Amino acid sequence: MPGPQLTTPLAESLDDPQRARDLAKMKRLATGLFVLAALVFLGCVLLGEEAGSWVGYVRATAEASMVGALADWFAVTALFRHPLRLPIPHTAIIPRKKDQIGTSLGTFVRENFLTRAVVDERLATVDVPGRLGEFLAAPGRAERLAGDAGAALGGLTDLLKDDELQPAVAAFADRKLRETPAAPAVARGIELVVDGDRHQEVLSAGLTGLANFLADNRLVFRTRLGDASPAWVPDWVDDRVFDRVFDLLQGFLAEVGADSRHELRRSYDKRLRAYVHTLRTDPEAAARVERFKEELLDHPAVRTWSGSLWSTAKNAVVTAAADPDSELRARVVGLIRSGAQLLQTDPTVRELVQRQSQRAAGYAVERFSGDVADLVGTTVARWDTEETSRRIELQVGRDLQWIRVNGTVVGGLAGLVIYTVAQLLG
């Protein structure tokens with residue numbers, strides 16, 4: 001059973017007043033030639049053969065022209081409707097065979113256009129990466145695409161429900177953190193720091209900070225020493241002792257900070273490397289790190305942070321994507337421009353994109369050619385029968401009227417030849 005009849009989409013796509021005027025003009029021309037032939041034939045009948053032998057030739061020509069015109073009028077009209085509204089068999093072909101025509105058209109498109117061989121042959125002559133690179137490299141194109149991507153991202157996040165995603169993201173992050181062993185990660189992190197000598201930089205910064213802290217609080221420490229010293233000890237003795245100890249401590253900190261090969265630094269390095277080894281080999285040490293991780297994840301502040309992870313990340317990304325001057329937009333623009341340059345100049349990238357585009361197009365036609373054929377067939381089947389016939393005639397009817405014109409002319413010439421041969425043989 002065909003689906004409901006549709007008229008609006010077809011009307012919008014095929015209605016063309018200029019075509020209608022051209023079709024009417026051609027119909028008048030073809031009909032005029034038929035009328036002219038009929039008038040000539042009638043004139044010859046009225047004149048009779050007494051007027052001369054030439055009348056027979058003209059009459060045969062006009063008579064054959066009328067026959068040819070009528071035959072071709074019938075053939076053209078029978079495509080779209082019943083001639084003279086008479087239900088003659090094998091007429092009104094398009095209205096009667098509309099659904100079959102749609103199915104056949106879909107099959108024709110699938111078998112002759114939507115095949116891997118046709119697509120491969122076509123794409124082999126198209127510089128896909130070059131055209132894509134040229135498109136991306138157009139002035140202002142990267143900025144527009146980055147802006148469009150930002151707008152699309154904003155629209156997508158508006159569709160997502162935060163009250164549903166936020167707990168899911170928090171639970172996912174918590175689960176992954178709990179499933180991931182902490183000791184190997186900590187060991188690897190310390191190892192990277194040690195191998196890059198960053199731990200010595202941290203130590204130097206710590207020593208400098210400690211020295212500054214002591215200097216800033218010298219009076220506080222001196223007062224503390226005075227409070228702890230026996231009352232019978234003179235203040236000048238406390239001052240001498242404090243100054244001596246304080247200067248020694250500051251000197252030691254400065255010495256360690258200035259000597260990259262100081263014994264304390266070597267001991268510090270050795271202990272860190274030993275701890276890395278312990279984390280990887282000692283189950284008890286690994287268990288302690290794991291327990292610390294669990295306590296950290298169970299802390300209310302961490303749980304609050306994980307709960308806000310989705311909204312924080314989303315707001316940061318959306319805000320950056322919407323800001324034309326943001327680092328994210330700048331990076332996207334740079335990425336698009338770099339991609340355009342690679343598509344135009346890098347042989348490896350160009351070959352890869354060309355090959356993959358052919359593969360993707362081939363897969364698409366093999367996967368969806370049947371769907372396209374079904375779409376064509378079902379769409380045609382849903383069109384209104386009379387409207388479809390009328391609008392197809394509007395599209396091709398002008399050319400078909402030339403069949404009537406040619407039939408009139410060729411019929412007349414054929415009639416003239418036949419009559420002449422008959423006269424010669426008679």
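**Exercise 1. Sort the residues that line the largest cavity into nonpolar, polar and charged.**

Solution. Start with the lining: Asp-174, Leu-177, Leu-297, Val-302, Arg-303, Trp-305 and Ser-306. Next, apply the classes: Ala, Val, Leu, Ile, Met, Phe, Trp, Tyr, Cys and Pro count as nonpolar, Asp, Glu, Lys and Arg as charged, and the others, Gly among them, as polar.

The model is predicted: local features need pLDDT of at least 70, side-chain atom pairs count only at pLDDT 80 or more, and totals for chains, interfaces and linings use all residues. Residues are numbered from 1 along each chain as its sequence is written, and side-chain values use heavy atoms, with hydrogens and water left out.

**Exercise 2. State the volume of the largest cavity and find the helix that gives the most to its lining.**

Solution. The structure has one cavity of 30 Å³ or more. The volume of the largest cavity is about 40 Å³. On a 1 Å grid over the protein atoms alone, a cavity is a set of points where a 1.4 Å probe fits but cannot get out; a pocket is an open set with protein on both sides within 12 Å along at least five of seven lines; lining residues have an atom within 4 Å of a point. Points are joined across faces, edges and corners, and a volume is the space filled by probe spheres set on them. H9 and helix H16 (300–307) are the elements that give two or more residues to the lining. H16 gives the most, with four. Helices (H or I, at least four residues) and strands (E, at least two) are DSSP runs, numbered from the N terminus.

**Exercise 3. Describe the largest pocket by volume and lining.**

Solution. The volume is about 170 Å³. The lining is Phe-80, Arg-81, Pro-95, Thr-385, Glu-386, Ser-389, Arg-390 and Glu-393. Helix H20 (residues 385–425) gives the most, with five residues. By class, there are two nonpolar, two polar and four charged residues.

**Exercise 4. How do H9 and H17 pack?**

Solution. Helix H9 (residues 162–179) and helix H17 (residues 309–322) have axes 7 Å apart, at an angle of about 110 degrees. Axes are lines fitted to C-alpha atoms, for helices over the stretch in contact, and angles run from 0 to 180 degrees between N-to-C directions. Angles under 35 degrees count as roughly parallel, over 145 as roughly antiparallel, 65 to 115 as roughly perpendicular and the rest as oblique. H9 and H17 are therefore roughly perpendicular. Asp-162, Leu-165, Gln-166, Val-169 and Ala-173 of H9 meet Leu-309, Trp-310, Ser-311 and Lys-314 of H17. This contact has five nonpolar, two polar and two charged residues.

**Exercise 5. At what angle do H14 and H15 cross?**

Solution. Helix H14 (residues 263–281) and helix H15 (residues 283–298) cross at roughly 90 degrees, and their axes come within 6 Å. The two helices are therefore roughly perpendicular to each other. H14 brings Tyr-275, Thr-278, Leu-279 and Thr-281, and H15 brings Pro-283, Ala-285, Ala-286 and Val-289. By class, the contact has six nonpolar, two polar and no charged residues.

How values were computed: Contact = heavy atoms within 4.5 Å.
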